[in-house]
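Keep the viewer open as you read.

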Amino acid sequence: MNKTINSNMKYYLAPMMGYTDCYLRNLAEKLYGDSIQTFSEMIVDKAIIHNEINIIQKHFLKNNKSAIQIAGSDPQEITQAINIINKIELIQHVNFNLGCPSSRVQENMLGLALTQNQDLVKKCLEKIMEFKGDISVKCRLGLGLEEDKNYIFSYLNLFSNLGIKEVFVHCRNGVLNLDTKKNRSIPKINYNLFLECKKNFPKLKLIPNGEIDNKETFDLLIENDVSDFMIGRQFAKDLTFLEKLSIYKIKDKQISIGKFFNEIKDFKFLNLNLIKKSLFTILTNMPNAKNIRNDISKLKDIDTLNEYFVDPSIWN
């Protein structure tokens with residue numbers, strides 16, 4: 001067995017707009033079981049306040065295990081949103097977004113833009129702390145192109161002082177005048193600074209995110225006592241890539257897919273195209289993948305789609 005495989009390792013499906021819908025999250029949970037925690041797409045507090053029923057029902061299945069990621073910059077509105085979430089039993093974990101650099105998010109002083117004002121961040125987090133379940137934060141290593149230890153150390157101190165113990169750190173800075181795509185390439189990955197944060201804040205559970213998509217990166221982090229990993233785009237491209245790197249063994253894909261269909265088939269807001277999109281993520285580098293994708297694209301209902309994946313021949 002490859003030495004990288006470790007049953008104590010934990011994986012987190014990063015929140016991504018347009019990707020981590022309830023279908024992809026549920027599929028990931030069926031494949032990885034208790035070894036994965038999933039996160040919803042970012043939901044703005046105003047959406048929860050003004051459209052609670054549709055927002056919650058569209059984003060979460062009845063058997064939900066996902067955390068909800070929310071964004072906000074008005075402490076009063078965050079209080080309103082948290083009061084609503086506190087009454088929803090299927091949500092047991094709230095993650096607060098302090099890292100999204102998109103222009104639309106910036107316009108409303110959310111995500112990364114909010115971190116320009118640490119006093120306001122503190123007030124917002126104090127309201128997040130009113131949630132009755134688990135609480136975490138997702139942030140960046142810095143603001144701007146230059147390495148800035150003071151930025152991340154200051155925020156980690158703030159989180160710690162507020163009693164927030166779990167922090168997901170995108171291991172690159174965020175730059176407000178760059179678009180989302182450029183923010184994934186121009187600011188450089190800085191695992192060394194992340195590891196320095198981990199050393200200096202041993203009481204915090206710091207979980208790295210960003211370009212964790214190859215064995216060399218896993219080995220580097222594992223050698224430095226990291227056993228928790230948040231993964232976004234690579235999971236969205238290839239949900240089974242950990243198995244291909246001999247890092248995790250998925251026990252029985254066919255059974256997992258069957259359980260996936262059983263749980264989504266009665267979903268009120270069933271969307272066949274989004275279901276297909278999630279299933280495409282398990283076909284990367286699979287024998288005959290192109291033909292399977294073409295077959296799936298032609299199927300018109302969930303029952304036929306389910307029957308297609310029950311066929312053992314596609315798994316051979």
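The largest cavity holds about 50 Å³ of space. A cavity here is a set of points on a 1 Å grid over the protein atoms alone where a 1.4 Å probe fits but cannot get out; points are joined across faces, edges and corners, and a volume is the space filled by probe spheres set on them. By this rule there is 1 cavity of 30 Å³ or more. Its lining is made up of C22, R25, N26, E29, L61, N63, N64, K65 and S66, where lining residues have an atom within 4 Å of a point.

Before going on, a word on the source: this is a predicted model, in which local features need pLDDT of at least 70 and side-chain atom pairs count only at pLDDT 80 or more, while totals for chains, interfaces and linings use all residues. Residues are numbered from 1 along each chain as its sequence is written, and side-chain values use heavy atoms, with hydrogens and water left out.

Now for the open space. Helix 5 (103-107), strand 6, strand 9 (228-231) and helix 11 (233-237) are the elements giving two or more residues to the lining. Helices (H or I, at least four residues) and strands (E, at least two) are DSSP runs, numbered from the N terminus.

What about the packed interior? Nonpolar side chains tend to be buried together in soluble globular proteins. Buried means under 20% relative accessible area, exposed over 50% and partly exposed in between (1.4 Å probe, protein chains only). A nonpolar core is then a set of buried Ala, Val, Leu, Ile, Met, Phe, Trp, Tyr and Cys residues joined through side-chain atoms within 4.5 Å. The largest core has 98 residues, and Y11 and F309 touch the most other members. Helix 8 supplies the largest share of this core, 8 residues. Another core, of 7 residues, lies apart from it, with Y12, A14, F39 and I207 among them. Leaving aside neighbours within four places in sequence, the contacts of Y11 (heavy atoms within 4.5 Å) include F218, F229, I231 and F235.

The buried ones are P75, E77, I78, T79, A81, I82, I84 and I85, and they pack against helix 2 (45-50), helix 3 (52-59), strand 4, strand 5 and helix 7. At its start, a side-chain oxygen of D74 comes within 2.9 Å of the backbone nitrogen of Q76. That pair is a polar contact: N or O atoms within 3.5 Å, where within protein one must be able to donate a hydrogen and the other to accept it, and residues adjacent in sequence count only if both atoms are side-chain atoms.

Helix 7 (residues 118-128) buries L120, V121, C124, L125 and I128. These cover an arc of only 135° around the axis, which puts them on the same side of helix 7; the arc is that of the directions from the helix axis to the C-beta atoms. The background is simple: an α-helix has 3.6 residues a turn, so residues three or four places apart point the same way. At the start of helix 7, a side-chain oxygen of N117 reaches to within 3.3 Å of the backbone nitrogen of D119.

Helix 14 (residues 272-280) has L272, I275, K276, S278 and L279 buried. Down its axis they fall within an arc of 160°, so they line one face of the helix. Their cover includes helix 1 (22-32), helix 13 (253-264), helix 15 (289-298) and helix 16 (302-310).

Most residues other than glycine have a negative phi. M109, in the loop between helix 5 and helix 6, has a positive phi of about 55° although it is not a glycine. D225 has a positive phi near 65° and is exposed, with a relative accessible area of 65%.

How values were computed. On a 1 Å grid over the protein atoms alone, a cavity is a set of points where a 1.4 Å probe fits but cannot get out, and a pocket is an open set with protein on both sides within 12 Å along at least five of seven lines; lining residues have an atom within 4 Å of a point.
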